[in-house]
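Me: I am new to this structure and would like to go through it in questions and answers. May we begin once it is shown?

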Amino acid sequence: FRYALPYAALGSCAGAARAGRPPCPGAETRVWLTWTAVDASAYLDGCSADDVEEMLSEAGVGRADVRMAQCGGFCELAFGCEAAAVHAAQLLDRRAWQGGRLLALPLPEACAKLEVHRRLKALFRRLSSGGAGGRTRDYSPFMSDKWRQRNAHPLHLSVAGSSSIQGDLRGGRHGAGAAGGARRWQCDDWVVVELSAAEFGAQ
């Protein structure tokens, strides 16, 4: 099963990003950069800061401090002011580069979204690992009335779930909301959640 849920339905994203985590100084002047899900094989692992700086110059983006992640897969771009960071995200987001398309988000938005996906992954682990003793959960209360009339036994399932920021369904570009105003990603963007199991039963 695959479901799409608006970020607004998953609680306070901004609050989730702050909960238990220290504030990130200067986040408003930084951009988080990676690839879209379709181009996941082209992650930034093989790129250097010089490669990114050359791409920024070709895209007409002002000078930025490029910070490559040690774990690979993404980098951060630091600018002199918030306006420059927002403009850079607009120019870079969904831009074709090295056979793929970029995903560029203002860092505060990226942090809030990544925190939502972290919380979802924790939930997926609980769904797949079960309760005490590692026993899988009983899903019989979620089955149809007909199924429960015919089956008195519990239905233990191992359900695996996944989501990623690269797999989000996204609305308008940064600064381009549906009504012509500022884009509200909490309402415009949707998390795609995928659930899988050997069987689900008659629900």
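Me: Is Lys-113 buried, partly exposed or exposed?
Reply: The model is a predicted one. A residue is called buried under 20% relative accessible area. Lys-113 has a relative accessibility of 1%, so Lys-113 counts as buried.

Me: Which residue meets the side chain of Lys-113 in a salt bridge?
Reply: Lys-113 belongs to helix H4, and its partner lies in the loop between helix H6 (185–188) and strand S10 (190–196). The N to O distance of the pair is 2.6 Å, and the partner is Asp-189.

Me: How many residues apart in sequence are the parts that the pair of Asp-189 and Lys-113 ties together?
Reply: The side chains of Asp-189 and Lys-113 meet in a salt bridge. Asp-189 lies in a loop and Lys-113 in helix H4, so the pair ties together parts whose separation in sequence is 76 residues.

Me: How far apart are the closest N and O atoms in the salt bridge of Asp-65 with Arg-67?
Reply: Asp-65 is partly exposed, with a relative accessible area of 39%. Arg-67 is also partly exposed, at 38%. In the salt bridge between Asp-65 and Arg-67, the closest N and O atoms are separated by 3.2 Å.

Me: What is the count of salt bridges?
Reply: The pair of Asp-189 and Lys-113 is one example, and the pair of Asp-65 and Arg-67 is another. The count of salt bridges comes to nine.

Me: Which helix gives the most to the positive patch?
Reply: The positive patch on the surface gathers Lys-121, Arg-125, Arg-126 and Arg-137. Arg-126 counts as partly exposed at 45% relative accessibility. With three residues, the element that gives the most is helix H4 (residues 107–129).

Me: Which residues form the negative surface patch?
Reply: One of them, Asp-50, lies in helix H2 (residues 49–58). Asp-50 is exposed, at a relative accessible area of 56%. The negative patch is made up of Asp-50, Glu-53, Glu-54 and Glu-58.

Me: What is the area of the nonpolar surface patch made by Phe-1, Tyr-3 and Leu-5?
Reply: Phe-1 is located in the segment before strand S1 (2–6). Phe-1 is partly exposed, with a relative accessible area of 47%. Together, Phe-1, Tyr-3 and Leu-5 make a nonpolar patch of about 280 Å².

Me: What separates the C-alpha atoms of Phe-142 and Gly-201?
Reply: Phe-142 is in the loop between strand S7 (137–138) and helix H5 (145–150), and Phe-142 is exposed with a relative accessible area of 59%. Phe-142 and Gly-201 are 59 residues apart along the chain, and the separation of their C-alpha atoms is 9.2 Å.

Me: What share of the residues of the chain counts as buried?
Reply: The chain has six helices and 10 strands. Its accessible surface comes to about 11,300 Å², with 53% belonging to carbon and sulfur atoms. Of its 203 residues, the buried share is 37%.

Key
Residues numbered from 1 in each chain as written. Predicted model: local features only at pLDDT ≥ 70, side-chain atom pairs only at ≥ 80, totals over all residues. Heavy atoms only, no water. Helix = DSSP H or I, 4+ residues; strand = E, 2+ residues; numbered from the N terminus. Buried < 20%, exposed > 50% of the residue type's maximum accessible area, 1.4 Å probe, protein only. Areas by Shrake-Rupley, 256 points an atom, 1.4 Å probe, with all protein chains shown as cover. Patch = residues over 30% accessible without salt bridge, like charges linked within 9 Å, V, L, I, M, F, W, Y side chains within 5 Å. Salt bridge = Lys/Arg side-chain N within 4 Å of Asp/Glu carboxyl O. Lys, Arg positive; Asp, Glu negative; His and termini not counted. Charge placed at Lys NZ, Arg CZ, Asp CG, Glu CD.
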